[in-house]
Amino acid sequence: EIAAYCQDLAVEYGLTPREAEILALVALGRSAKYISEELTVSYNTTRTHVRHIYEKLGINTRQELLDLLMTEQ
């Protein structure tokens, strides 16, 4: 369910495939550390992706991301 909403957001806001993947993990409450280990990328790379996602979505916090996902339902 959340993955589908994240995919819709990714398409709507022009996220890259990697950003879409990270968006889904963030939406599930995963930390940047967890995501970096899961995807085998550096912590800084993960944080950069998250920053780009937030910029593209026009948000600043994880709570704003969750609120945005709730409005997509």
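Contact, as the word is used in these legends, means heavy atoms within 4.5 Å. The model is a predicted one, in which local features need pLDDT of at least 70 and side-chain atom pairs count only at pLDDT 80 or more, while totals for chains, interfaces and linings use all residues. Residues are numbered from 1 along each chain as its sequence is written, and side-chain values use heavy atoms, with hydrogens and water left out.

View 1. Helices are DSSP runs of H or I with at least four residues, numbered from the N terminus. Once its neighbours within four places in sequence are left aside, isoleucine 22 is in contact with Ile35, Leu39, His49, Val50 and Ile53. Its relative accessible area is 0%, and isoleucine 22 is therefore buried, a class that requires under 20% relative accessible area, with exposed meaning over 50% and partly exposed the range in between (1.4 Å probe, protein chains only). Between isoleucine 22 and histidine 49 the C-alpha to C-alpha distance is 7.4 Å, although 27 residues separate them in sequence.

**View 2. The largest nonpolar core, with 22 residues**. Such a core is a set of buried Ala, Val, Leu, Ile, Met, Phe, Trp, Tyr and Cys residues joined through side-chain atoms within 4.5 Å. The members that touch the most others are Ile22, Leu23, Val26, Ile53, Leu57, Leu65 and Leu69. At least two residues of this core come from each of H1 (2-13), H2 (17-27), H3 (32-39), H4 (43-57) and H5 (62-72), and H2 gives the most, with seven. Not counting residues up to four places away in sequence, leucine 69 touches Tyr5, Cys6, Leu9 and Ala27. In soluble globular proteins, nonpolar side chains tend to be buried together.

**View 3. Helix H2 and its packing against H4**. Because eight of its 11 residues are buried, H2 is largely enclosed by the rest of the structure; the buried residues are Glu19, Ala20, Ile22, Leu23, Ala24, Leu25, Val26 and Ala27. The axes of H2 and H4 are 10 Å apart, at an angle of about 90 degrees, where axes are lines fitted to C-alpha atoms, for helices over the stretch in contact, and angles run from 0 to 180 degrees between N-to-C directions. The two helices, H2 and H4, are therefore roughly perpendicular to each other, a description that covers angles of 65 to 115 degrees. H2 contributes Arg18, Glu19, Ile22, Leu23 and Val26 to the contact, and H4 contributes His49, Val50, His52, Ile53, Tyr54, Lys56 and Leu57. By class, these are seven nonpolar, two polar and three charged residues, with Ala, Val, Leu, Ile, Met, Phe, Trp, Tyr, Cys and Pro counted as nonpolar, Asp, Glu, Lys and Arg as charged, and the others, Gly among them, as polar.

**View 4. The crossing of H3 and H4, and the loop between them**. The axes of H3 and H4 come within 8 Å and cross at roughly 115 degrees, and H3 and H4 are therefore roughly perpendicular to each other. Ala32, Lys33, Ile35 and Ser36 of H3 make the contact with Tyr43, Thr46 and Arg47 of H4, and these residues divide into three nonpolar, two polar and two charged. In the loop between H3 and H4 lies threonine 40, which has a positive phi of about 55 degrees although it is not a glycine. With 71% relative accessibility, threonine 40 counts as exposed.

Terms used: Parallel < 35°, antiparallel > 145°, perpendicular 65-115°, else oblique.
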